[in-house]
Amino acid sequence: MNDAIASLCLFSFLALAPVLLIVKFTTNRPPWWLILIMIFVVGWGLAIGTYIFNQLGINDLIAQDKELPEGWDSDGASGLFVMFGGWLFSLAYFAPWLAIYALAAIIRRLSKLRHAPNNRMQSDAAEPRR
C-alpha cells in the first residue's frame, strides 16, 4: 500500500507543473504568484510524501522478511535534501516546463499577429453598406 501511495505522490509531482501551465495557457488563470506558490508548497509536499511512503514501503519489506531493493541502505542524505531542499527540486523541475510554456505563448502571439485583421489597410469601399 505504501508503494502505491509513493507512486501516486511521484506521478502527482510529475503532473503538477504541466497541469498548472496547461490551465494557465488555456484560461489565463490562476495568476503567476499562485502558480509559483503551488509549485513550491504542493511540489515540496509531494516530494516529501514520495520519500516518506517509499521509506515506509521498505520498512514493510523488512517486517515481512522479503528481498529489499538494491541500494536501499545507501540513500545517503536524500531524506535530508527532500525535507529541506524539496522546494528547490520542485522549482528545478518546473523550469523546463516554463520554457515550453514560454515557447507556446510566443507561437500563439505570433499566430494571432499573423491572422489579425488589419483595419488600417482596408478602405471604406470594402465595407458593405447597410
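Helix H3 contributes the most to the lining of the largest pocket, with five residues. Helices here are DSSP runs of H or I of at least four residues, numbered from the N terminus. The structure is a predicted model, in which local features need pLDDT of at least 70 and side-chain atom pairs count only at pLDDT 80 or more, while totals for chains, interfaces and linings use all residues. Residues are numbered from 1 along each chain as its sequence is written, and side-chain values use heavy atoms, with hydrogens and water left out.

The largest pocket has a volume of about 180 Å³. A pocket is an open set of points on a 1 Å grid over the protein atoms alone, where a 1.4 Å probe fits, with protein on both sides within 12 Å along at least five of seven lines; lining residues have an atom within 4 Å of a point. The volume is the space filled by probe spheres set on the points, which are joined across faces, edges and corners. At least two lining residues come from each of H1, H2 and H3. Among the lining residues are Leu10, Phe13, Ala47, Tyr51, Phe81, Val82, Phe89 and Tyr93. By class, the lining comprises nine nonpolar residues, two polar and no charged, where Ala, Val, Leu, Ile, Met, Phe, Trp, Tyr, Cys and Pro count as nonpolar, Asp, Glu, Lys and Arg as charged, and the others, Gly among them, as polar.

Helix H3 spans residues 78-115 and bends by about 80° at Gly85, the bend being the angle between axes fitted to the seven residues ending there and the seven starting there.

Five aromatic pairs were counted, with rings of Phe, Tyr and Trp (its six-membered ring) pairing if their centres lie within 6.5 Å; planes under 30 degrees apart are stacked, over 60 edge-to-face and the rest tilted. Phe25 and Tyr101 form an edge-to-face pair, at 5.9 Å centre to centre and 85° between the planes. This pair joins Phe25 in H1 to Tyr101 in H3, 76 residues apart. Tyr101 is buried, at 13% relative accessible area, whereas Phe25 is partly exposed, at 26%. The rings of Trp32 and Tyr101 have centres 5.2 Å apart and planes at 80°, so this pair is also edge-to-face.

Conventions
Buried < 20%, exposed > 50% of the residue type's maximum accessible area, 1.4 Å probe, protein only.
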